[in-house]
Amino acid sequence: MFACAPLSVYYDRYFIHESLFVAATFGLIVSGWRWHTRHSAGRAAPVGFCAALMVASKETFVLHFFALAAAAFVFWLWNPRGKSPGDWWRPKAALVASAAFLLLSVMLFTWFGSNWKALGVLFEAVPNVLARAGGEGHQKPVWYYAQLLTGGWSGGLISALACVGLFQTARKRDPSPYGFLAFYALFLAVIYSLIPYKTPWLALNFWLPITLFAGLAIESLWRMAAKYPAHRVPVAAFCILLGRWPLR
């Protein structure tokens, strides 16, 4: 749904950084959760690689790293029966993740060692993000992204389904990756909404959790229709049409 929805298809026609950045963010969330469930060096390496790819893609990695860290902390507080913060820290696995992150970051920023001067740009990421946050001619109101994402049949329906999936996650209160994703989406929405600088392609960052929660809601509808196989036909048709309606 994320890859084929009109919003993604529209912006993926161009080689914009946001597409690669969001893909790396998704990879970081998935690999990070796998590392959380089983601490091993093999599962730690992809975490470092995905984080490095985010750093190399856009300066806004600063905002996302903050949102991810805040979401992880609140998710732990929200699930007191879950693992302690110490369970996340295993020296060997953490060392592998850090080494993978540093190695790939240096390789990408220096064009695989051909331009070492470019590595200094990495330390300017935070000042650049703060400088651009003021707007630079791209000032938009707080509700800009909400208005953009809920436009058209597709956007409105997918957003409504996402609210259903979000409600299901909050009601169950179980230590699932969707619980962490909910807090990440919340922090991300607050950060991007309050920053005056807004461009339409930045909405892809919100589109990722929205479509994942919408998928969770559709999965629930599919399970509800399991007792009556004939009912799965309209559910499947609905999913197909959902991704093809224009988002305007």
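**Entry 1: ground rules**

I call a residue buried when its relative accessible area is under 20%, exposed when it is over 50%, and partly exposed in between, using a 1.4 Å probe and protein chains only. By that rule F61 is buried, at 12% relative accessible area.

I keep in mind that this is a predicted model, where local features need pLDDT of at least 70 and side-chain atom pairs count only at pLDDT 80 or more, while totals for chains, interfaces and linings use all residues. Residues are numbered from 1 along each chain as its sequence is written, and side-chain values use heavy atoms, with hydrogens and water left out.

**Entry 2: the whole chain**

I looked up the elements, which are DSSP runs numbered from the N terminus (helices are H or I, at least four residues; strands are E, at least two). The protein chain has twelve helices and zero strands. Of its 248 residues, 43% count as buried.

Next I looked at contacts, meaning heavy atoms within 4.5 Å. Among contacts with a separation of 6 or more, 80% are between residues 24 or more positions apart.

For the surface I used accessible areas from the Shrake-Rupley method with a 1.4 Å probe, where for residues only the protein chains shown count as cover. The protein chain's accessible surface is about 13,800 Å², and carbon and sulfur atoms hold 72% of that.

**Entry 3: rings**

I went through the aromatic rings with this rule: rings of Phe, Tyr and Trp (its six-membered ring) pair if their centres lie within 6.5 Å, and planes under 30 degrees apart are stacked, over 60 edge-to-face, the rest tilted. That gives twelve aromatic pairs. Why is the pair of F61 and F65 edge-to-face? Their ring centres are 5.4 Å apart and their planes are at 70°, so the pair gets that label.

F61 and F65 are four residues apart in helix α4 (residues 61–78), which puts about one helical turn between them. I noted that F65 is partly exposed at 26% relative accessibility, whereas F61 is buried at 12%.

Y144 and Y145 are another edge-to-face pair, 5.4 Å centre to centre with 65° between the planes. Y144 is buried at 16% relative accessibility, and Y145 is buried at 2%.

Which residues do ring pairs link into a cluster? I wrote down W33, F75, W78, F180 and F183.

N205 is in helix α11 (residues 204–224) and is buried, at 3% relative accessibility. I looked for polar contacts: a pair of N or O atoms within 3.5 Å, where within protein one must be able to donate a hydrogen and the other to accept it, and residues adjacent in sequence count only if both atoms are side-chain atoms. The N205 side chain makes one with the side chain of E18, at 2.6 Å. Leaving aside neighbours within four places in sequence, N205 is in contact with E18, F21, V22, H64, L188 and Y192.

T25 touches M54, H64 and Y184, not counting residues up to four places away in sequence. Is T25 buried or exposed? It is buried, at 2% relative accessibility.

**Entry 4: two helices, end to end**

I compared helix spans with the expected value, 1.5 Å times one less than the number of residues. Helix α3 (residues 41–57) has 17 residues and should span 24 Å; its end C-alpha atoms are 25 Å apart, which agrees. Its buried residues include R43, C50, M54 and S57. What covers the buried residues of α3 includes α2 (17–37), α4 and α6 (91–109).

The 21 residues of α9 should span 30 Å, and the end C-alpha atoms are 31 Å apart, which agrees. V164 lies in helix α9 (residues 152–172) and is partly exposed at 38%. V164 and L216 are 52 residues apart in sequence, yet 8.5 Å apart C-alpha to C-alpha.

**Entry 5: positive phi**

Just after α9, R173 takes a positive phi of about 55°. In the loop between α6 and α7 (125–132) I found W111, which is not a glycine but has a positive phi of about 50°. W111 is exposed, at 64% relative accessible area. F112 lies in the loop between α6 and α7, has a positive phi near 55°, and is exposed at 58%.
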